Each structure stands twice: as structure tokens, then as C-alpha cells.
Amino acid sequence: MVKEEKSRYIAFETIIEDESPLEVSFVFNSISRSILSLFGEVEASQSGIWLIEYDPETHQGILRCTHKSLEKVQTAMAAVSSIDNRPVIIHLLKTSGTIRSLRSAIEQESTSSQQFEDT
Amino acid sequence: MKGSYDVHVHSTHSGGSSSPAEIVSMAIRLGVQNICLSDFGAIDPSQVDSLLEECKGFSLNVFSRADISPKNKQELAQKLKYFRRKVDLVTVDCSTEKICHFASTNKFVDILTLSPTTKTPVFTELVARNCAKNRIALEITLTPFIRYYGKIRAKLLRVWGKILSVALQNEVMFVIGTGAFNKYELRGPHEMQLLAKLVGLPQDLAKQSLTETPFNLMERRTLERNGKIIMPGVRIIDEERE
């Protein structure tokens with residue numbers, strides 16, 4: 001029986017000039033191009049990246065990759081310097097083994113920071 | 001001040017395109033706790049306090065750093081004398097092997113920086129041994145690895161691989177700085193650690209280079225400036241007991 005490869009989910013935000021919305025395809029293409037450029041075609045094929053979601057308004061998204069290539073994918077994301085010819089930072093927020101726990105961790109964090117701001 | 005450090009950031013005062021306030025707010029957003037503005041070699045030292053004042057009121061510590069690019073030994077000594085007591089960190093840009101050697105033997109130097117186009121021979125075994133002996137750190141500047149790609153980045157990684165192997169063999173300390181010229185070239189501590197690892201720094205050392213090493217460098221200079229260090233190895237720890 002073939003053992004299914006474990007996945008990892010990375011929550012990230014894009015920080016871009018004037019906070020204008022970015023197209024989802026541009027975000028995904030720039031990350032995959034960065035993996036290809038840094039680690040080559042073999043690693044890109046094994047990384048199994050997929051953009052689960054990206055909200056152009058909040059600039060936050062979740063990317064899936066394989067457990068083995070997590071660090072390489074994160075490094076490639078950190079090395080992205082522009083998307084659609086606009087300077088950008090891809091800020092890694094959290095990593096988890098399931099989307100559910102990732103979402104609850106992000107929600108918890110945003111609630112606690114909101115409470116901190118309110119006080 | 002413990003926490004993560006970005007020891008190399010430029011603002012509009014030293015050729016960058018973002019103001020100190022913009023840099024500081026972006027660094028806070030990314031989770032950096034301390035930054036060193038590299039503007040102090042470019043401005044009049046009398047303006048140091050006013051520039052630091054500009055960055056006050058944020059939940060992040062801003063330190064001053066002067067970058068020196070001397071052409072010879074005399075110029076190096078002259079500039080070190082001028083800047084040493086005025087700023088927190090003094091770094092020397094090693095353009096030639098001679099400068100690199102002179103800087104590595106001078107105890108007033110905190111950090112050595114190598115330009116992105118540098119060749120391995122600049123950072124020799126002898127320089128590495130001197131750096132380790134005089135507690136001078138070698139900076140890994142991350143911006144070139146973000147800004148360039150393809151052949152140029154491949155060449156950079158190869159050159160830095162060689163430099164790191166010499167430095168690691170001789171137990172040289174490292175610090176990590178983005179060398180950012182605008183706020184979009186800044187990176188968070190986790191991202192900086194990952195990029196340093198890409199260059200070839202082991203993970204534990206990358207973490208240490210972001211936190212402990214810059215903290216120790218700052219503490220040493222602060223104690224010296226306050227007159228708490230009498231001579232190397234002898235320091236006043238409780239003045240009241242005297």
C-alpha cells in the first residue's frame with residue numbers, strides 16, 4: 001500500500017505598497033517561480049504546493065505543501081521580493097498539520113490582539 | 001535588549017527610500033524587536049540623538065550603527081576614533097584583503113561586512129582567526145539573496161558557501177542583517193533565519209546570530225561607554241560596594 005505523504009499548511013500575508021488587491025494567480029505563480037529558481041525543477045515537483053485560499057482584500061492566504069519540503073517552501077516564500085512588478089513581503093504567520101487547527105490558531109491570535117488593542 | 005535583531009537597515013538618511021518611521025513600523029509588523037539603523041556613518045554625529053529621537057515612541061529598540069569604508073589603515077584608524085564613542089555599532093566594509101586584515105585586528109570594530117561582489121580571498125584564514133580572537137562578528141547581508149536571482153544568486157551562494165566554511169572552521173561569530181534600502185526588503189525573524197540557513201549557516205547558529213550575538217555586542221559596547229569595563233576581562237559589577 002502506498003503511504004500518503006503528509007501535508008503542511010502555511011498561513012501567510014502579503015504586505016504590498018498601497019495595500020491594493022493582488023490577483024490570486026500572481027501570488028501562486030510568484031511562489032512557485034521562487035521555488036523553481038531557488039531549488040530547481042525536482043524540488044518544485046516534490047513540494048506539492050497548492051494555494052488553498054487567498055483573500056485579496058485581507059491579503060492573507062493558506063498554502064499547502066508536503067511535510068518534507070516545508071522548510072524549502074518557506075524559504076522560497078521569504079525570498080519573494082515582488083509580485084506583479086510591485087515590491088512585496090510574504091510574511092509567514094503560522095504553520096500547521098491541518099487547516100482547521102491553522103484557522104483556529106489564527107483566529108485566536110487575531111482575537112487576542114483585538115482584545116489587547118481594545119484595552 | 002533581548003529579542004531578535006536586524007543589524008543592518010538603511011533609511012532615507014543613507015540612500016534608502018523609506019523614512020526611519022516607516023522602517024520602524026514595518027519592522028514591528030514583521031515581529032522584529034531591535035533594529036540598527038545604518039545611517040550614522042552618513043550623517044553628522046551631532047544628529048545621532050535627533051535621529052534616535054525620531055524613532056522613539058515605538059515598541060521597538062533602535063540602535064545606531066556607522067558603516068565605514070576605509071581605503072587604507074590610516075583612514076580606518078581615523079574613522080574608528082571618530083565614530084567609536086558616538087554610535088552603538090561600528091562596521092567595516094572590507095573591499096580589499098588588506099582592509100579586512102587591518103579591521104580584524106582592531107578591537108574597536110564590531111562587525112565586518114563583505115560586499116556582495118566580494119571574492120573568497122578577502123576573508124582569509126588569518127582574518128577569520130583574528131575575528132574569532134577579537135570577538136568581531138561577520139555579517140550575513142540578506143538583501144542580495146532576495147534581490148538577485150538566477151546566475152547571480154547562484155554565484156553569490158557559491159562564494160558565501162566558501163566564506164562560511166572558513167568562518168565556521170575558525171569559530172567566527174555571525175550577525176544577520178537584511179541590509180534593506182526600503183521597507184519591503186525587511187524580513188521577519190523567522191524568514192531571516194530561513195534565508196541565513198539557505199546561505200549555509202546551521203540552524204542553531206542562525207538563531208544565535210539573530211538574538212544572542214548582537215545582544216552581546218551591544219552590551220559590551222554599552223558597558224565600555226559607561227566606563228564599566230576597566231580592562232579586557234575586568235569589569236565593575238557593583239559600584240556601591242566600592
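This is a predicted model: local features need pLDDT of at least 70, side-chain atom pairs count only at pLDDT 80 or more; totals for chains, interfaces and linings use all residues.
Trainee: Got it. Is Glu13(A) buried or exposed, then?

Mentor: Glu13(A) has a relative accessible area of 10%, so it falls under the 20% cut-off and counts as buried.

Trainee: And which residue does Glu13(A) meet in a salt bridge?

Mentor: Its partner is Arg29(B), at 3.4 Å from N to O. That pair crosses between chains, with Glu13(A) in strand E1 of chain A and Arg29(B) in helix H1 (residues 20-30) of chain B. Arg29(B) is partly exposed, with a relative accessibility of 35%.

Trainee: What else does Arg29(B) pair with?

Mentor: Glu19(A) forms a salt bridge with Arg29(B) too, at 3.5 Å from N to O.

Trainee: How many salt bridges are there between chain A and chain B?

Mentor: The count is three. One of them joins Lys197(B) to Glu71(A), with 2.5 Å from N to O. It runs from helix H8 (residues 189-199) of chain B to helix H2 of chain A. Both ends are partly exposed: Lys197(B) has 29% relative accessibility and Glu71(A) has 33%.

Trainee: Nice. How many residues are in contact across the two chains?

Mentor: On chain A there are 22, and they touch 18 residues of chain B. The two chains bury about 1,700 Å² between them, with 58% of that on carbon and sulfur atoms. On the chain A side, Ile15(A), Ala78(A) and Ile89(A) lose the most area, together 28% of what that side buries.

Trainee: What about polar contacts across the interface? How many residue pairs?

Mentor: Seven residue pairs are in polar contact there, counting pairs with both residues at pLDDT 80 or more. As for which elements chain A uses, strand E1 (7-16), helix H1 (24-47), helix H2 (70-78) and strand E5 (86-96) each give two or more residues. The largest share, six residues, comes from E5(A). By class, that side of chain A has 12 nonpolar, five polar and five charged residues.

Trainee: Switching topic: which residue forms a salt bridge with Arg221(B)?

Mentor: That would be Asp110(B), with the closest N and O atoms 2.5 Å apart. Arg221(B) sits in helix H10 (residues 212-225) and Asp110(B) in the loop between helix H4 (97-105) and strand E5 (111-114) of chain B, so the pair ties together parts 111 residues apart in sequence.

Trainee: Are those two buried or exposed?

Mentor: Arg221(B) and Asp110(B) are both buried. Shared partners also join Arg84(B), Asp110(B), Arg220(B) and Arg221(B) into one salt-bridge network.

How values were computed
Residues are numbered from 1 along each chain as its sequence is written. Chains are lettered from A and ligands numbered from 1 in the order in which they are written. Side-chain values use heavy atoms; hydrogens and water are left out. Contact means heavy atoms within 4.5 Å. Buried area is the accessible area (1.4 Å probe) that two parts lose on being put together, summed over both. A salt bridge is a side-chain nitrogen of Lys or Arg within 4 Å of a carboxyl oxygen of Asp or Glu. A polar contact is a pair of N or O atoms within 3.5 Å; within protein, one must be able to donate a hydrogen and the other to accept it, and residues adjacent in sequence count only if both atoms are side-chain atoms. Helices (H or I, at least four residues) and strands (E, at least two) are DSSP runs, numbered from the N terminus. Ala, Val, Leu, Ile, Met, Phe, Trp, Tyr, Cys and Pro count as nonpolar, Asp, Glu, Lys and Arg as charged, and the others, Gly among them, as polar. Buried means under 20% relative accessible area, exposed over 50%, partly exposed in between (1.4 Å probe, protein chains only).
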